[in-house]
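Colleague: I've got a few "how do you know" questions about this one. Mind if we go through them with the structure open?

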Amino acid sequence: MWQGFFAGSDLRYHLTSLDSLERYEMGGYYQPDSLMYAAFGKVSIHQADSVNDRYRYNNHHSRGIDTVDNWQGQTQRVRYYQANPAGPYTAVEILTGLNENAENSYSGVVIDPIYQPVLNDNGVRFVNKYYVKPRMRISTTDAFGIVKPVVKIIMHAFDGSKKDSIIITTTDFRYESINTYDGRYLEEYFNNNLIVRGDSLNVGRVGGFLEWHNIDLCQVDYQIFWFQEVSVWIDYVKIMDEPAKQLFDSQFLRDRIKVKVDSLLNHDGPIHNVKGFYTEETDYARLTCLNYLQDFLRDSVPGHSNDPRAKMISMFNPWSFEANMKERGPDFDVNTYIDVVNPDSLIFGWYPFQGPWGDFKPVIPNNVTIQFINSYTPQFIQDTVTGYYNSIKKPLNAYNDSLQRIWNVMADTLKRMVSIAFLKNRDLYFVSQVHAFKEGPYPAANREPMNSEIGAMNCIGLCYGIKGLMPYAFNTVYSMTNENNETTFNLSIGMLDSIINLTTPGQFWEAKEKRIMNFYGENKWEGVKHLNEKIHIWDHFLLTQITPRDFQ
């Protein structure tokens, strides 16, 4: 098992679940709140030169040249702008049109980029901040000469409006002291740095943060203008959000992670029920923080240097990983994820009733009745679910066609993931869908699977050679939020149910009782139990296979 999204900050909760794992001789991955916060940090580096990289500027305005700079043995390909001795010394645009500009407006995971990940148990959200860090250098002669403007950086919001700007001068390169600068590349400038709020960045955003089909409407840009009087080498522009900055710059956050990790490892029993540490499904911009945390856990937890349990792993969902990107890599960029994060196994998440990037329209047969038997689900949620599910009913032949397409896409993707995991020498764990999900104002595209569909999903995974199954999600969570002056609700309905009083925006409830029946009047607990019994019967056959290809 693993503790997933927002497991909470109370360490006693983690330790209690660890005791349960020991009693049942199970292993688990843990996600302390501080670790989750850091793992969701985002860093993107947008190259200034004209190479064909997805993280680039599309417009160079016929100014500057690409060059390889070997400053003090450091080799980097950069864009060089040579001063014009004759002037005029007016600001001219040199880098505009950020290519991958929507990753801090839309998201493939359930965190709005306007806000930081929640780091407490009361659900309070704080506006995110984005730190703009152009990596540049100038000559020491210019740095200690007459004060001159070098570049101007202008931030444009989602709707294209100008929101903030700074001018970096020659004296800003004298880092930490008016007498200190040796011509090196800098990312931060003396008391003069551009910091953008997530809400300002997303003024005029079209739709909510999960509506990434609007990605081409995003006009976010960090434009650079050059004053032509000072020669400058520009390597890239780095955009870093608040959680990433805290991870790299705050000893307090790193110490907080150490305390949680150390407590869990020390509480662990002799058979090591803690298998590692986990964060929820991620996206491309979070790879830098995940890579850092992997090394940090291995080297920085006192008494646990190189402890095999001190490792980082994420759930890889092929759709959410690149959902907010305009240019997508081959095989969902899973190779990049494995190479950068270096997880010891690949936890592969799959929500088949959503479809690639949300383009499957869910279908259920028209001979089922949506019902809430012995359920504590609030009435207005029952009404919403019933209305939506009734709207997606189709004749049996249309349902069968839809289901066949779902299984075909799933099987084809699993084939490729198994092959990649095999070549990378990684075990592949399949996170199959057993829950219904709804986020904010969006329709519940992740409809609840029927028992037969859960069985088919897991058996297809086993047939293609996965190492193990990790169904998601066990718990049921309801929450209400106020966003854009609208009151809405979120839900993730799994195997649990509970009495709640869901009336106050900003409140959050987690179910505690068994949710026996699903939306279709089937006994969900018995269905999952019988499926697991069958899988245990197959244990000997499954464990004797040598390679994934043996299952084909």
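Colleague: Which residues line the largest cavity?

Modeller: Keep in mind that this is a predicted model. The lining is made up of Ser 44, His 46, Leu 98, Glu 100, Asn 101, Glu 103, Asn 104, Leu 201, Val 220, Tyr 222 and Ile 239.

Colleague: What makes a residue part of that lining?

Modeller: A lining residue has an atom within 4 Å of a cavity point, so those residues qualify. Sorted by class, they come out as five nonpolar, four polar and two charged. The volume of this cavity is about 50 Å³, and three cavities of 30 Å³ or more are counted.

Colleague: Leu 98 is on that list. What is its bridge partner?

Modeller: Tyr 57. Leu 98 sits in β6, which covers residues 92-98.

Colleague: How do you know that β3 and β6 pair?

Modeller: Pairing takes at least two bridges. β3 and β6 have two, in the antiparallel sense, so they count as paired.

Colleague: Why are β3 and β9 called edge strands?

Modeller: The open sheet runs β3-β6-β11-β8-β9, with antiparallel pairing. β3 (57-59) and β9 (162-169) each have a single partner strand, so one side of each lacks a neighbour in the sheet. From one strand to the next, the twist averages 25°.

Colleague: And what makes α7 and α8 a contact?

Modeller: Contact means heavy atoms within 4.5 Å. Leu 287, Leu 290, Asn 291 and Gln 294 of α7 meet Thr 336, Tyr 337, Val 340 and Val 341 of α8, so the term applies. That contact has five nonpolar, three polar and no charged residues. The helices pack at about 35°, with axes 8 Å apart.

Methods. Residues numbered from 1 in each chain as written. Predicted model: local features only at pLDDT ≥ 70, side-chain atom pairs only at ≥ 80, totals over all residues. Heavy atoms only, no water. 1 Å grid on protein atoms, 1.4 Å probe; cavity = no way out; pocket = protein on both sides within 12 Å on 5 of 7 lines; lining within 4 Å. Points joined across faces, edges and corners; volume = space filled by probe spheres on them. Nonpolar A, V, L, I, M, F, W, Y, C, P; charged D, E, K, R; others polar. Axes fitted to C-alpha atoms, helices over the stretch in contact; angles between N-to-C directions. Helix = DSSP H or I, 4+ residues; strand = E, 2+ residues; numbered from the N terminus.
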